[in-house]
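Try each task before reading its solution.

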Amino acid sequence: MEIEPTVFIVDDDPAARQSVSALTESMGLLAETFASAETFLETYNPDRPGCLVTDYRMVGMSGLELQEALVCNKITLPVIVITAYADVPLAVDAMKRGAITLLEKPCHENELVSNIRRAVEMDVCNRQEHAHVQQIQERLATLSNGELVVTKLLLAGKMNKNIARELDLGLRTVELRRHQIMKKMEVDSVAQLVKALLAVGDIDWTGDKTD
Amino acid sequence: MHFVLLLAILFSFAATGVAFLLCRKIRDWRLTALAVLILVLAFQQTYVLLAHRALPGTVQPTSSSWSRTWTELVASTMALLMVMVLSSILRERERSERDVKSNSELLSQILRYIPHSVFWKDRNFRFLGCNDNLARMLGFDRPEDLIGKSDFELPSIDPELARNYREADRDVIRAGHSFINLEEKISQADGTLMDAVTSKVPLRDEKGTVIGVLGIFFDITERKRAEQALRESQHLYHSLVESLPQCIFRRDRAGNYTFVNQRYCDLHLKAYDEIVGHTIHELYPAEISKRILDSDLGVFETGETFHTVRWLPTRSGKAIRVQVIKTPVRDEQDRTVEVQGVFWDITEQHHSEEKLRERDETLAHVTRLTTMGEMVAGIAHEINQPLYAIANFATASSRVLESDDGNTQNRLLEWNRKISQQANRAGDILRRLAAFTKKSPVQNTRVDLNHLVRESLELVGLDARRHHVKHQLKLVNDLPHVQADAIQIQQVLVNLLRNAYEATAHLSSPPHEVSVRSHVMQNNVQISVSDNGPGLPDQDVDKLFETFYTTKPDGMGMGLSIARTIVESHGGKIWTQANPDRGATFSFLLPIDSGDRRLGN
């Protein structure tokens, strides 16, 4: 089910992109090469993890323009920009657009390797986190309105009998709902429930479901 | 008879008395003698007449015919003589009177027309007379109007001045002194004061008694004014010359000083008299005085103003930078007899200019680097592309090999590392390319390398001076021309000269010597630049001409490699060799222009 990370290489010079591809393979990673930024954008599936290594100056869309397009499309793939000649304004531009680094050609030994590794790890990590949050949100979505109300009070640290009194429910009903919540959210304790919900951040407590 | 005789004797006495009186009156012995003769004759005739009349019929002792004839003859002769002498005397008298008259007329003419004022006064200081000039000056129509007046009675004369005149007059009259050329003021009728030179002498009668004073004066107001103007102009000139911040001097052809101003003396720490009247050789070392005299000679020969800027040694031991202007000084025949020089210290200005130039040079360098930087950014992408690939491939290979075991693999690993390093070094080279200057299109012309050497020496004059370098030029005459781009060859020369200067900088003590020679070698012209610096490195002498090879701590390693590129592109050759004693010689040769008739064999 896990998709293997891929290094997407964008360079208009065939030798350059092949060499990065070779480097990537030596790292045991998958590589895909693109002759232009445009072809990459056309074919890229945002679900695919990995990182992007792009030349700065290319025929057509430049490396920085590619970065901009990624930001627009909400693609969070880590970007490494390679340039023949780096100056401060260029570096600032690249970093602003979310590049994790800017490397000068030719890259020093293992400089590119270490940066690719870091970028891929970062993406994998990002994606795992993203997936986890998504899972919790999905589970949260299965809770009924009544269960959501109880969950909210549980998060506030209230005891069962207090919740029953507050919601004007029978203690047994509260206990039942609490059991359902633990089951649906796949947690064993209130502490685990709190931890899972914290990762999600904002929660919509006003569910529109009925019992 | 006796009565008559007595009468005659009486008459003769009376006549003698009259003659004596006449003599005194006339004061002329001839006239007196004549008068006596006339009287004697008259007496005789009277006597004879009387004797005849008184004694009629008596025989006279003198009445013999001989005696009578004799007497009559003497009488007639005497009468004739008398008439002659008288007429001569009368003529002379007339002439003398005429002379006197003309003399007095001459005198009055002189008095009337001389530009001097003349007067004479009596013992009571009253005017006896004067000439028209003085009368007019004092406001009178005629000289006669002044007679009888004293100075105090003349309305135009200031009483104070009158007292002065009186005192002088008194001195002359009482003590018989003479004043010659006494300067005094005279107040004139028109109210102005005249400067005059007066002479006063005593006026004497025949006996030598002082009877008055004779004065004569003339107007020197104009002269005084001119003198004053001259004084003022001299003062002006003096204050100008002495207050100017410039040193001023005059020298003759032989280098003798004829004038210097105070500033000049101060600069040379000498007194005026120690410079003026002495030669330039006493002021400067022989080498410098000769150079200065040469430029003086230029002014003498061309008669034209000469401008220059030069270093001048001073007694304090510090050389100053001076701007010099030399102009010819001409006599009435328009011959240049002296040279006048003005110079002033521009050391400060020179230093700030030098600083400015250095800053300009730095700026030019930065500008060049910036331009180059932009250029490099363009070509770096092109050249770095393969380098980037090499580096990546190499890194990849190394990584693959690292994961395996085996001896051959280790070697491969090493080589791969080298590939990677070389690729990086190539990138470094690209960055250092920033030092290259933009290459302008080559323009080959016929070039006189001697001329180019001199021009280049001027270009690097600043460096030469900074390194206190003494040049030796051994340029052959009538050097054949070469076909070359003058600017590029100049770049080579400047580079070799600068290297030579920097080499001499390693010497702790002078002299720092750099010699430039030119000569013909077969079909080539060879230029050599030698220094007396520390010489060449022991090994890898040929590497000196390689790009980025440098022995200087702040060198780029570009100069000689560019020089070689330029010389070789002109079909020439550049090389270096150590000097037998010390230092190094860098030489290059360029083929002689095929059109030059002096082409060697």
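Before starting, keep in mind that this is a predicted model.

**Exercise 1. Is the crossing of H7(A) and H8(A) left-handed or right-handed, and which residues make the contact?**

Start with the handedness: H7(A) and H8(A) cross in a right-handed way. Next, list the contact residues. H7(A) contributes A:Asn160, A:Lys161, A:Ile163 and A:Ala164, while H8(A) contributes A:Leu171, A:Val174, A:Glu175 and A:Arg178. Sorted by class, the residues of this contact are four nonpolar, one polar and three charged.

Now for the geometry. Helix H7 of chain A covers residues 160–167 and helix H8 of chain A covers residues 171–184; their axes come within 9 Å and cross at roughly 115 degrees. Angles of 65 to 115 degrees count as roughly perpendicular, so H7(A) is roughly perpendicular to H8(A).

**Exercise 2. Find where A:Asp168 lies, and decide whether this residue is buried or exposed.**

First, locate the residue: A:Asp168 sits in the loop between H7 and H8 of chain A. Second, look at the backbone, where A:Asp168 has a positive phi of about 55 degrees without being a glycine. As background, most residues other than glycine have a negative phi. Third, count neighbours: A:Asp168 has 6 C-beta neighbours inside 10 Å, and therefore counts as exposed.

**Exercise 3. Which residues does the cis peptide bond with an omega of about -15 degrees join?**

The bond runs between A:Lys105 and A:Pro106. For context, most peptide bonds are trans.

**Exercise 4. Describe the side of chain B that touches chain A: which helix gives the most?**

Begin with the counts: 22 residues of chain B contact 19 residues of chain A. On the chain B side, helix H10 (347–402) and helix H11 (407–432) each supply at least two residues. H10(B) gives the most, with 18 residues. Finally, the class breakdown of this side of chain B is 13 nonpolar, eight polar and one charged residues.

**Exercise 5. Work out how H14(B) and H15(B) pack: is their crossing left-handed or right-handed?**

The axes of helix H14 (residues 486–504) and helix H15 (residues 559–569) of chain B come within 9 Å and cross at roughly 145 degrees. The crossing is left-handed. From H14(B), the contact uses B:Gln488, B:Gln491, B:Val492, B:Asn495, B:Leu496 and B:Asn499; from H15(B), it uses B:Gly559, B:Leu560, B:Ala563, B:Ile566 and B:Val567. In class terms, this contact has six nonpolar, five polar and no charged residues.

**Exercise 6. Where is B:Lys290, and what separates its C-alpha atom from that of B:Gly255?**

B:Lys290 is part of helix H9 of chain B, residues 286–302. B:Lys290 has 13 C-beta neighbours inside 10 Å, so this lysine counts as partly exposed. The C-alpha atoms of B:Lys290 and B:Gly255 are 9.6 Å apart, with the two residues 35 residues apart along the chain.

Key. Residues are numbered from 1 along each chain as its sequence is written. Chains are lettered from A and ligands numbered from 1 in the order in which they are written. This is a predicted model: local features need pLDDT of at least 70, side-chain atom pairs count only at pLDDT 80 or more; totals for chains, interfaces and linings use all residues. Axes are lines fitted to C-alpha atoms, for helices over the stretch in contact, and angles run from 0 to 180 degrees between N-to-C directions. Helices (H or I, at least four residues) and strands (E, at least two) are DSSP runs, numbered from the N terminus. Angles under 35 degrees count as roughly parallel, over 145 as roughly antiparallel, 65 to 115 as roughly perpendicular and the rest as oblique. A crossing is left-handed if the near helix is turned anticlockwise from the far one by less than a right angle, and right-handed if clockwise. Two residues are in contact if their C-beta atoms, placed from the backbone, lie within 7 Å. Ala, Val, Leu, Ile, Met, Phe, Trp, Tyr, Cys and Pro count as nonpolar, Asp, Glu, Lys and Arg as charged, and the others, Gly among them, as polar. A residue is buried if 20 or more other C-beta atoms lie within 10 Å of its own, exposed if 12 or fewer, and partly exposed in between; C-beta atoms are placed from the backbone.
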